[in-house]
Amino acid sequence: MTKTVQSAPQIATSTLREALPNQDAGFLWDFWYPALRSSEIKGQKLAKAVLLEVPLVLGRTLEGRTFAMRDACPHRGIPLSYGRFDGQAVECSYHGWKFDACTGRCLEIPSLASQDKLRVDRIFAGHYPCTEHDGYIWVYMTAPGSRAPENVPEAPRLPVFSEKYKITRLSCELPSHVDQGIIGLMDPAHGPFVHQSWYWRSRRSIHEKEKRFEPIPNGFRMSRHEPSSNSAPYKLLRYFSGEATTTMIDFVLPNMRLEEIRSGHLWFSSRATVTPVRRDLCRIDFVAAWNLVRWMPLVVPVFRSFAEKFLRQDQETMIKQAEGLKYNPHLMLIDDADRPAKWYFALKANLLESRATGAPMVHPMPGPVTLHWRS
Ligand code: FES
Ligand SMILES: [Fe+2]
């Protein structure tokens with residue numbers, strides 16, 4: 001028996017609803033997340049990524065616009081990434097439905113006969129706002145079941161401070177929930193144990209530190225200061241510029257750590273984002289830019305290998321930590337070394353609260369504070 005659609009305006013066929021992803025995985029929706037490196041989308045090839053447990057198919061149109069669709073055909077769910085892309089529309093590999101890549105709007109259903117009244121243009125494949133900069137494809141992950149707002153905020157940009165600069169990118173996967181990845185990123189006390197090396201610091205170099213923090217919108221800032229004397233890279237900058245070196249570190253929801261180092265005319269700017277892939281997997285994307293122009297040929301490989309080693313040390317630690325977390329142990333956060341982690345959890349909770357109630361978000365920090373720890 002064939003089913004005919006009676007009324008054109010309503011799509012009476014949409015009874016097979018796709019199950020919404022579990023909304024309680026501790027993800028922050030309605031933010032931009034980096035899905036892929038720009039270099040991973042070549043020509044008219046479709047690429048795949050998973051963000052917040054949502055499978056995505058991404059690509060670039062003939063005009064160079066990037067797009068992100070839910071990697072599931074709204075007809076019967078086969079991943080659209082198996083389909084064909086002609087530079088403008090994605091054609092599903094199962095029954096050939098065609099979707100405009102940027103809007104998700106259905107353009108064609110080849111099986112429809114001449115008397116069919118189904119309004120093809122009222123059918124949409126899931127799609128998300130998508131943009132490209134800093135060498136990444138960014139996707140604005142709207143909450144399951146909701147639409148992207150009219151005015152999507154701008155995607156984050158790495159701050160740079162001169163026209164000419166060098167940029168490098170690294171990434172690494174962590175087998176943990178995004179929260180663990182983030183508090184690992186802002187944790188000052190693991191340095192002397194996890195990142196021991198002759199050029200950075202050793203266990204014996206542990207000393208008491210005092211750092212001032214201040215609230216910023218959706219996050220907190222370690223106020224500008226002269227960084228710890230035992231860190232060789234900072235010393236190096238001071239050596240090249242002949243001037244004092246200062247640094248400032250921001251954490252901003254949902255997942256971003258920004259560091260800005262200045263030394264005379266020299267600057268170094270970096271961003272690490274921790275992006276949830278699944279509830280048990282996240283990825284750190286690290287991008288750094290600097291204007292040590294004269295020393296460039298030397299600096300790039302040296303810096304990359306330092307940074308790679310750092311990330312690997314964090315990754316190895318978190319692989320071990322995941323082993324322990326599997327059994328749901330009781331955990332604790334202590335003052336002051338874990339205070340930034342507490343702020344992160346409070347920021348997240350207060351943001352969700354304000355979204356639920358519509359009341360303005362309460363910042364967990366009443367004002368600037370000074371923290372003390374040894375590292
Ligand atoms: S499943 Fe995609 S067209 Fe049928
Ligand atoms: Fe680390």
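Student: Does Asp30 count as buried, partly exposed or exposed?
Tutor: This is a predicted model, in which local features need pLDDT of at least 70, side-chain atom pairs count only at pLDDT 80 or more, and totals for chains, interfaces and linings use all residues. Residues are numbered from 1 along each chain as its sequence is written, while chains are lettered from A and ligands numbered from 1 in the order in which they are written. A residue is buried if 20 or more other C-beta atoms, placed from the backbone, lie within 10 Å of its own, exposed if 12 or fewer, and partly exposed in between. Asp30 has 16 C-beta neighbours inside 10 Å, so Asp30 counts as partly exposed.

Student: What is phi of Asp30 near?
Tutor: Start with the place: Asp30 is in the segment before strand S1 (31-37). Helices (H or I, at least four residues) and strands (E, at least two) are DSSP runs, numbered from the N terminus. Most residues other than glycine have a negative phi. Asp30 is not a glycine, yet its phi is positive, near 60 degrees.

Student: Does Asn328 count as buried, partly exposed or exposed?
Tutor: Asn328 sits in the loop between H4 and H5. It also has a positive phi, about 55 degrees, without being a glycine. Its C-beta neighbours inside 10 Å number 7, so Asn328 counts as exposed.

Student: Which residue does a cis peptide bond join to Asp336?
Tutor: Look in the loop between helix H4 (296-325) and helix H5 (339-357), where Asp336 lies. Most peptide bonds are trans. Here omega is about -15 degrees, and the cis bond joins Asp336 to Asp335.

Student: What is omega of the cis peptide bond that joins Leu253 and Pro254?
Tutor: Pro254 belongs to the loop between strand S15 (245-252) and strand S16 (256-263). For the cis bond between Leu253 and Pro254, omega is about 5 degrees.

Student: Which residue in S11 is the bridge partner of Glu132?
Tutor: Two strands pair if DSSP finds at least two bridges between them. Strand S10 (residues 130-133) and strand S11 (residues 136-141) run antiparallel, joined by four bridges. They form a hairpin with two residues between them, and Asp134 in the turn has a positive phi of about 60 degrees. In S11, Glu132 has as its bridge partner Ile137.

Student: How many helices and strands does the protein chain have?
Tutor: The chain has 375 residues, of which 27% count as buried. Its secondary structure comes to five helices and 19 strands.
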